[in-house]
Amino acid sequence: MIIRDFRPEDAEALVNILKANQQYGHPDMDGPEAMLQVHRCQAAEFLVAEKEGQVVGLIRGTFDGSRAIIYLASVHPDHQRQGIGRALVQEIARRFKARGASSISVIVPGDADFWKKMKFRQTTRVMHAFPIDQVLEA
Ligand SMILES: CC(C)(COP(=O)(O)OP(=O)(O)OC[C@H]1O[C@@H](n2cnc3c(N)ncnc32)[C@H](O)[C@@H]1OP(=O)(O)O)[C@@H](O)C(=O)NCCC(=O)NCCS
């Protein structure tokens, strides 16, 4: 298994992984077009796990020059509990540390147990506004 940077040709397989994990509720933010935009974003790290030539997981996040945050992580259900999630988290943490980050946060929509295992501790609450226009009209 290797962890490498996302390539545009990975998009279709990644959509299938997100769908298999019920994480594809926002194709506008997580679909192929959005993946290409993340890929082009200088602040972002967008990594995939590849096993025997097959893309089996992804992780993406950003570093703003001070703080790092993971927005999305997903491992195909057929390949979970084999250390792939840990490898993805540790590689993105290595990348962020190399850029200068001293901490890393994650947005967790569901079960937090994996993240607790990876030494993340709940300290803050994440609140979302969607669509963003709601904030402009508040
Ligand atoms: C969460 C997820 C990324 C973990 O990936 P994974 O490849 O299965 O995780 P790993 O095999 O690397 O597990 C690392 C450790 O966490 C533990 N772990 C993994 N998932 C766990 C869970 N749901 N509950 C409790 N422990 C868990 C593993 O047992 C392992 O511990 P160990 O080394 O002591 O055995 C994956 O299960 C997934 O994609 N889930 C659905 C989507 C999701 O919830 N994404 C995260 C929010 S963005």
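Which residue is the bridge partner of I69 in strand 5? The bridge partner of I69 there is S105.

## Basis of the description

This is a predicted model, in which local features need pLDDT of at least 70 and side-chain atom pairs count only at pLDDT 80 or more, while totals for chains, interfaces and linings use all residues. Residues are numbered from 1 along each chain as its sequence is written.

Helices (H or I, at least four residues) and strands (E, at least two) are DSSP runs numbered from the N terminus. Two strands count as paired if DSSP finds at least two bridges between them.

The open sheet has five strands in the order 1-2-3-4-5, with mixed pairing. Its edges are strand 1 (2-5) and strand 5 (104-106), each of which pairs on one side only. From one strand to the next the twist averages 30°; axes are lines fitted to C-alpha atoms, for helices over the stretch in contact, and angles run from 0 to 180 degrees between N-to-C directions.

Strand 3 (residues 54-63) and strand 4 (residues 68-75) run antiparallel and are joined by seven bridges. Across this pairing, I59 stands opposite A73, and G61 stands opposite I70. The two strands form a hairpin with four residues between them, and G65 in the turn has a positive phi of about 105°. Strand 4 also pairs with strand 5, in the parallel sense and over three bridges.

## Helices on the sheet

Helix 1 (residues 11-20) lies across strand 2 (44-51), strand 3 and strand 4, and runs at about 85° to strand 3. Helix 4 (residues 84-99) packs on the sheet and touches strand 1, strand 2, strand 3, strand 4 and strand 5. The direction of helix 4 makes about 35° with that of strand 3.

## The nonpolar core

A nonpolar core is a set of buried Ala, Val, Leu, Ile, Met, Phe, Trp, Tyr and Cys residues joined through C-beta atoms within 7 Å. The largest one here has 25 residues, of which L14, L47, V48, L58, I59, L88 and I92 touch the most other members. Helix 1, helix 3 (32-40), strand 2, strand 3, strand 4 and helix 4 each supply at least two residues of this core.

Two residues are in contact if their C-beta atoms, placed from the backbone, lie within 7 Å. Not counting residues up to four places away in sequence, L88 touches I3, L47, A49, G57, I59 and A73.

A residue is buried if 20 or more other C-beta atoms, placed from the backbone, lie within 10 Å of its own, exposed if 12 or fewer, and partly exposed in between. G61 is buried because 26 other C-beta atoms lie within 10 Å, while T62, with 17, is partly exposed.

Leaving aside neighbours within four places in sequence, the contacts of G61 include E45, Y71 and I92; those of T62 are A43, A44 and I69. The C-alpha atoms of G61 and E45 are separated by 5.5 Å, although these residues are 16 apart along the chain.

## Around the ligand

A residue is near a molecule if its C-beta atom, placed from the backbone, lies within 6 Å of it. Of the 20 residues around the ligand, Q80, G85, R86, D113 and F114 come nearest. Strand 4 gives the most to this shell, with four residues.
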